[in-house]
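Take a moment to look over the sequence and the model below. We will start with a question, then go from a single chain to the places where chains meet.

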There are 4 protein chains.
Amino acid sequence: MSIKEMIKDHPAVGADYNDALGEAVKHAMYCAAICNSCVDACSAEDMDMSECIRKCSDASDICQTVSRVAARRTHGNTAVIKSLLETCIVACKICAEECAKHDNPHCQRCAKMCRECVEDCVAARDSMLEAA
Amino acid sequence: MSIKEMIKDHPAVGADYNDALGEAVKHAMYCAAICNSCVDACSAEDMDMSECIRKCSDASDICQTVSRVAARRTHGNTAVIKSLLETCIVACKICAEECAKHDNPHCQRCAKMCRECVEDCVAARDSMLEAA
Amino acid sequence: MSIKEMIKDHPAVGADYNDALGEAVKHAMYCAAICNSCVDACSAEDMDMSECIRKCSDASDICQTVSRVAARRTHGNTAVIKSLLETCIVACKICAEECAKHDNPHCQRCAKMCRECVEDCVAARDSMLEAA
Amino acid sequence: MSIKEMIKDHPAVGADYNDALGEAVKHAMYCAAICNSCVDACSAEDMDMSECIRKCSDASDICQTVSRVAARRTHGNTAVIKSLLETCIVACKICAEECAKHDNPHCQRCAKMCRECVEDCVAARDSMLEAA
């Protein structure tokens with residue numbers, strides 16, 4: 001099942017489908033889930049993971065909101081999407097830096113996911129600046 | 001990037017990984033995104049789609065919560081997961097029935113997604129009953 | 001600003017306003033916020049609070065969904081609301097029991113909030129059974 | 001039950017409690033609920049409310065994330081909070097302008113709530129700029 005195909009089914013999208021934005025929606029959805037899972041796994045580690053819990057919690061909430069807001073295609077609201085993508089870039093960069101400090105497999109996977117999400121959000125933001 | 005692989009990275013999971021539950025987490029994540037997108041597409045249709053908007057909105061919120069809660073593996077909380085899976089089965093059945101009434105491609109896709117999510121939640125719930 | 005007054009402003013509510021359900025919406029909204037804050041405060045404590053983090057995280061997500069789903073008044077969807085209230089009762093009872101074990105002020109406050117949320121969800125569920 | 005008192009219960013807050021930020025958390029929580037309810041009420045109106053549904057949906061999701069992220073006090077993450085407050089200001093301004101166009105009581109109430117949320121987020125952002 002594809003969220004990108006679903007966006008194309010919107011009655012007003014047609015030829016205006018923005019693939020960079022669709023990619024950001026898809027990876028923000030994954031990143032929200034991965035960061036949520038990393039919070040849970042961090043809380044079960046023996047060492048103090050409180051900073052990682054904080055940064056993954058914030059990234060998860062913000063990515064989830066990106067996956068909902070940026071998937072909508074009724075009446076644009078592009079100023080909001082652009083600002084939210086900027087916030088997501090900040091949150092995922094910080095989360096990736098923190099997770100990269102820890103050797104355990106869930107933090108390494110989360111750091112990789114966050115870096116990919118940053119790249120996609122940057123590309124989506126740039127595609128919207130060109131369109132404006 | 002795989003949410004199922006991420007769950008296996010949890011320090012306490014090891015041999016206890018429940019694939020039926022992992023599958024439910026993954027598809028609830030997709031279903032939350034598809035239903036959210038269907039709400040948006042329905043609001044752009046010319047006809048009255050208010051009942052579909054309602055049922056997709058509820059299914060989206062509940063699926064999103066399943067994808068977060070059922071992904072956690074620290075200290076179980078299995079009674080909560082089981083009850084939430086039951087709620088998700090109810091919400092997605094009702095949403096699938098409503099979406100199936102509409103010929104547009106986004107509702108047809110959403111109905112299919114909701115039926116798959118019901119199947120996965122049923123399988124996950126049954127796997128937890130056996131385990132108990 | 002009152003969420004209960006807002007629900008009364010819905011074009012279809014009128015004389016059918018259910019105050020027990022409105023009360024559950026309001027307190028589930030608060031409980032979601034209190035539990036989210038308790039997760040954060042628990043992660044900053046010196047002792048192992050992983051079980052409390054888990055149970056508060058689940059209760060927060062579920063309460064947030066109650067506050068969104070049970071506030072809607074377009075086309076009922078009462079079977080979903082009733083099932084979700086049951087899940088919220090389970091999640092908040094378990095969270096209240098866990099938080100009550102800890103002497104710190106945030107857990108004591110969270111336990112109290114969860115017990116109030118359980119009472120409100122029970123009253124709301126019973127009001128819907130009578131109405132059915 | 002007070003989310004502001006709850007934030008003060010965090011083990012690391014003490015004298016550093018920021019009341020402007022606490023106020024923004026509280027009103028973003030309310031605004032998320034009011035906007036979610038406005039989406040539902042708009043979908044039940046006879047006229048085309050699709051633009052209002054879109055803008056309230058986005059504002060609700062973003063306010064909800066503010067109420068979760070900005071309530072956390074473990075390890076700061078202030079760059080993320082500041083960026084998210086900016087996004088919330090954009091989303092709530094746009095939502096208030098759209099809702100203000102409609103005479104029905106739910107849109108009038110939602111416009112008022114969004115304007116208050118903008119004021120609180122501006123004050124919270126400014127308090128964090130001074131602190132930096």
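Which residue of chain A comes closest to the rotation axis? Keep the question in mind while we find that axis. The model is a predicted one. Chain A can be laid on chain B by a turn of 180°. The shift along the axis is 0.0 Å, and the RMSD is 0.0 Å. Now the reply: of the residues of chain A, A:M29 comes closest to this axis. Its C-alpha lies at 3.8 Å.

Next, look at chain A by itself. Chain A has five helices and zero strands. Along the sequence, the pattern reads α-α-α-α-α. The C-alpha trace spans about 50 × 30 × 20 Å along its principal axes. How does the radius of gyration of chain A agree with that of a compact globule? With 132 residues, such a globule would have a radius near 14 Å. Chain A has 15 Å, which agrees.

Now bring in chain B. In this pair, 29 residues of chain A are in contact with 29 residues of chain B. Which helices of chain A supply at least two residues each to the side that touches chain B? They are α1 (3-8), α2 (19-43), α3 (50-69) and α5 (105-131). The most comes from α2(A), with nine residues. Sorted by class, this side of chain A has 15 nonpolar, seven polar and seven charged residues. Both copies use the same surface here: 100% of the contact residues of chain A recur in chain B.

Turn to chain D, which also meets chain A. Here, 24 residues of chain D are in contact with 24 residues of chain A. On chain D, α3 (50-69) and α4 (78-100) each supply at least two residues of the side that touches chain A. The largest share comes from α3(D), with eleven residues. This side of chain D divides into eight nonpolar, eight polar and eight charged residues.

How are chains D and A related? Chain D can be laid on chain A by a turn of 180°, with a shift of 0.0 Å along the axis.

Now step inside chain D and look at two of its helices. Two packed helices are described by the angle between their axes and the distance between the axes. For α2 (residues 19-43) of chain D and α4(D), the angle is about 40° and the axes are 12 Å apart. That makes α2(D) oblique to α4(D). Their crossing is left-handed. Which residues meet there? From α2(D) come D:A24, D:A28, D:C31, D:C35 and D:C38. From α4(D) come D:L85, D:C88, D:C92, D:C95 and D:C99. By class, this contact has ten nonpolar, no polar and no charged residues.

Move on to chain C. Its helix α2 (residues 19-43) and helix α4 (residues 78-100) have axes that come within 12 Å. These axes cross at roughly 40°. The two helices, α2(C) and α4(C), are therefore oblique to each other. The crossing of α2(C) past α4(C) is left-handed. Among the residues that meet are C:A24 and C:C31 in α2(C), and C:L85 and C:C88 in α4(C). By class, the contact of α2(C) with α4(C) has ten nonpolar, no polar and no charged residues.

Finally, follow α4(C) out to chain B. Are α4(B) and α4(C) roughly parallel or roughly antiparallel to each other? The axis of helix α4 (residues 78-100) of chain B comes within 9 Å of the axis of α4(C). The axes cross at roughly 165°. An angle over 145 degrees counts as roughly antiparallel, and α4(B) and α4(C) are therefore roughly antiparallel to each other. This crossing is left-handed. The contact includes B:V80, B:L84 and B:I94 of α4(B), and C:V80, C:L84 and C:I94 of α4(C). The residues of this contact divide into twelve nonpolar, four polar and two charged.

Notes. Residues are numbered from 1 along each chain as its sequence is written. Chains are lettered from A and ligands numbered from 1 in the order in which they are written. This is a predicted model: local features need pLDDT of at least 70, side-chain atom pairs count only at pLDDT 80 or more; totals for chains, interfaces and linings use all residues. Two residues are in contact if their C-beta atoms, placed from the backbone, lie within 7 Å. Helices (H or I, at least four residues) and strands (E, at least two) are DSSP runs, numbered from the N terminus. Ala, Val, Leu, Ile, Met, Phe, Trp, Tyr, Cys and Pro count as nonpolar, Asp, Glu, Lys and Arg as charged, and the others, Gly among them, as polar. Axes are lines fitted to C-alpha atoms, for helices over the stretch in contact, and angles run from 0 to 180 degrees between N-to-C directions. Angles under 35 degrees count as roughly parallel, over 145 as roughly antiparallel, 65 to 115 as roughly perpendicular and the rest as oblique. A crossing is left-handed if the near helix is turned anticlockwise from the far one by less than a right angle, and right-handed if clockwise. Copies are superposed by least squares on the C-alpha atoms of residues with pLDDT of at least 70 in both. The radius of gyration is taken over C-alpha atoms; the globule rule is 2.2 Å times the number of residues to the power 0.38.
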